[in-house]
Amino acid sequence: MGNQAGSLKKHLETAEKTGALSFTDKGLEKFPPDLVKVVGNLRNLDLSNNKIGSLPQNIGAFKMMKTLTLSKNKLSAIPEDLGKLSKLENLNLSFNFIQSVPNSFQQLKHLKEITLSHNQLTTFPLSLLNLKQLAIVDLSSNRLTSVPGQVGQMEATELVLNCNQISHVAKEVSKCPRLKTLRLEENCLALDSIPTALLTESGVSLLALEGNLFDVKKLDEVEGFDKYMERYTAVKRKLD
């Protein structure tokens with residue numbers, strides 16, 4: 001541990017100057033209390049691939065934080081205080097044991113990208129709705145069983161829900177104002193559980209449905225599929 005502490009001390013000295021600290025693969029079991037020394041200027045923190053079991057209740061004190069990476073740890077809960085990181089733009093909490101997302105996330109007004117894949121979420125985190133800057137939400141490889149109607153208020157452009165247990169998608173999802181990419185691969189969806197409105201009325205131009213309870217070739221028999229293909233083709237043409 002002495003060696004680890006010495007190594008962290010050097011990282012802290014650098015972080016005071018640069019605002020960035022990466023301390024990955026170090027076997028850490030606790031969030032390092034010494035990080036309080038750079039609380040005023042730490043903008044990027046990466047503590048991935050450790051064994052951290054919990055975050056400090058006052059994590060919101062890191063007011064300058066823009067990017068926080070805590071993937072591949074042993075976190076089972078997120079403190080409400082994390083919602084005070086008002087400058088946070090990028091949050092990666094993948095490969096943990098998280099079961100829910102606190103309501104305080106509604107305060108993360110600058111959040112652009114959140115990765116919560118490979119956790120234990122059973123319900124869609126509604127605290128991610130109405131965040132105007134949010135672009136990418138990755139909730140793949142959790143235990144979600146449905147996409148509820150409230151998700152129509154989500155501002156994201158890309159929503160990744162692959163490898164869950166989703167059997168129901170509410171038609172209101174078609175009302176997502178900016179949603180362009182919706183990934184629902186490897187779930188439990190039947191062909192008749194794809195809402196017509198998602199094909200006819202939404203702005204979604206990439207709908208990924210491979211690995212569900214139907215052959216994706218049958219999609220072209222569904223009402224509104226031609227409308228969806230018009231959007232898909234138009235976007236593809238732009239990219240080409």
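Start with the salt bridges: this predicted model has nine of them.

**Stop 1: Lys 84 and Asp 81.** Select both residues and show their side chains. They meet in a salt bridge, with N and O 2.8 Å apart. Lys 84 is partly exposed, at 43% relative accessible area. Asp 81 is buried, at 14%.

**Stop 2: Lys 132 and Glu 155.** Select this pair next. Their closest N and O atoms lie 3.2 Å apart, in another salt bridge. The pair links distant parts of the chain, 23 residues apart. Lys 132 sits in the loop between strand 5 (113-115) and strand 6 (136-138). Glu 155 sits in the loop between strand 7 (146-147) and strand 8 (158-160). Glu 155 is buried, at 11%.

**Stop 3: Arg 183 and Glu 185.** Move on to this salt bridge, 3.8 Å from N to O. Arg 183 is partly exposed, at 26%. Glu 185 is partly exposed too, at 21%.

**Stop 4: a network.** Select Lys 66, Glu 89 and Lys 112 together; salt bridges link them in a network.

**Stop 5: the second largest pocket.** Its volume is about 190 Å³. To find the pocket, select some of its lining residues, among them Leu 206, Leu 207, Ala 208, Phe 225, Tyr 228 and Tyr 232. Strand 11 (206-208) and helix 3 (225-239) each give two or more residues to this lining. Which element gives the most? Helix 3 does, with four residues. Finally, color the lining by class. Ten residues are nonpolar, none is polar and one is charged.

Technical notes
Residues are numbered from 1 along each chain as its sequence is written. This is a predicted model: local features need pLDDT of at least 70, side-chain atom pairs count only at pLDDT 80 or more; totals for chains, interfaces and linings use all residues. Side-chain values use heavy atoms; hydrogens and water are left out. On a 1 Å grid over the protein atoms alone, a cavity is a set of points where a 1.4 Å probe fits but cannot get out, and a pocket is an open set with protein on both sides within 12 Å along at least five of seven lines; lining residues have an atom within 4 Å of a point. Grid points are joined across faces, edges and corners, and a volume is the space filled by probe spheres set on the points. Ala, Val, Leu, Ile, Met, Phe, Trp, Tyr, Cys and Pro count as nonpolar, Asp, Glu, Lys and Arg as charged, and the others, Gly among them, as polar. A salt bridge is a side-chain nitrogen of Lys or Arg within 4 Å of a carboxyl oxygen of Asp or Glu. Buried means under 20% relative accessible area, exposed over 50%, partly exposed in between (1.4 Å probe, protein chains only).
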